[in-house]
Amino acid sequence: MTQFLDIPIDGFKPEMIKKLKSKGYTINRYSEDILDGEFNGTDVNIGMATNNNKVWRIAVMDANYTDEINIKIRFNNLIRQFMNNERYVSEPDSTIAKYTIPKDEDISYEITVHKKRYEAIFYQKSIKYDSLSRELERKKELLTQKDSLNDKEFKILQPLIVELVTESMNSINKPVWFMIDEEYGKYRILMYYENEYNKADGSGL
């Protein structure tokens, strides 16, 4: 399941708050449901959403708003950080080109006039995914030095390949995404770590 600071996003809210406090976060003076602290070099407020009393989302909100120039730099830096982090997979190779904000783009105009939403999504890989990937590469090296596998080699590796693909598909249920939030001409980043397994699916309607 999705993790935030190596904490599984699961369980009851009081338990999650306790775990976050053990990481150095403190209760916000205005709300017992919000924690304050630093994340990825930025002062943030942390909140959470629940379904059937179980946490399914951690929301990480910049504590301070900034101007248009700085928010573009921050947004683009986050994209590069996620792209370079081996714990995450993304959409196809066009992710940077798709999400990166050009230097000359007027985001205030785009948000106000075109209602453009600046957001990017990534998917958290599991530890199991990484171990399976390493095991597959190791076995491929033992079997062949060629670029492609023959039928016999493929059959040997097939169970491992199927398991790896399955684990990769599971990452879709562990999205981490962020967006630019605008208020009166000032901007901040909102980031969400979500456990789709705990999310409401309409079964109780």
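I take helices (H or I, at least four residues) and strands (E, at least two) as DSSP runs, numbered from the N terminus. On that basis I count six helices and ten strands in the protein chain.

**Ground rules.** I am working with a predicted model, where local features need pLDDT of at least 70 and side-chain atom pairs count only at pLDDT 80 or more, while totals for chains, interfaces and linings use all residues. Residues are numbered from 1 along each chain as its sequence is written, and side-chain values use heavy atoms, with hydrogens and water left out.

**Whole chain.** I looked up the accessible surface (Shrake-Rupley method, 1.4 Å probe; for residues, only the protein chains shown count as cover). The protein chain comes to about 12,700 Å², and carbon and sulfur atoms hold 50% of that. For burial I use relative accessible area: buried is under 20%, exposed is over 50%, and partly exposed lies in between (1.4 Å probe, protein chains only). Of the 205 residues, 37% are buried. Next came contacts, meaning heavy atoms within 4.5 Å. Among contacts with a separation of 6 or more, 58% join residues 24 or more positions apart.

**Cores.** A nonpolar core here is a set of buried Ala, Val, Leu, Ile, Met, Phe, Trp, Tyr and Cys residues joined through side-chain atoms within 4.5 Å. The largest one has 35 residues, and I find the most contacts inside it at Ile 58, Phe 178 and Tyr 193. Helix α2 (residues 68-83) contributes the most to this core, five residues. Another core lies apart from it, with six residues, including Ala 59, Met 61, Met 179 and Tyr 192. I then checked the neighbours of Ile 58: leaving out residues up to four places away in sequence, Ile 58 touches Phe 4, Ile 9 and Met 16, among others. The list also includes Met 191, Tyr 192 and Tyr 193.

**Salt bridges.** My criterion is a side-chain nitrogen of Lys or Arg within 4 Å of a carboxyl oxygen of Asp or Glu. The structure holds eight. In one of them, Glu 194 pairs with Arg 57, with the closest N and O atoms 2.6 Å apart. That pair links distant parts of the chain, since Glu 194 sits in strand β10 (residues 186-194) and Arg 57 in strand β6 (residues 54-62), 137 residues apart. Glu 194 is buried, at 4% relative accessibility.

I also looked at Glu 105 and Lys 116, whose side chains meet at 3.0 Å, N to O. Glu 105 counts as buried at 15% relative accessibility, whereas Lys 116 is partly exposed at 37%.
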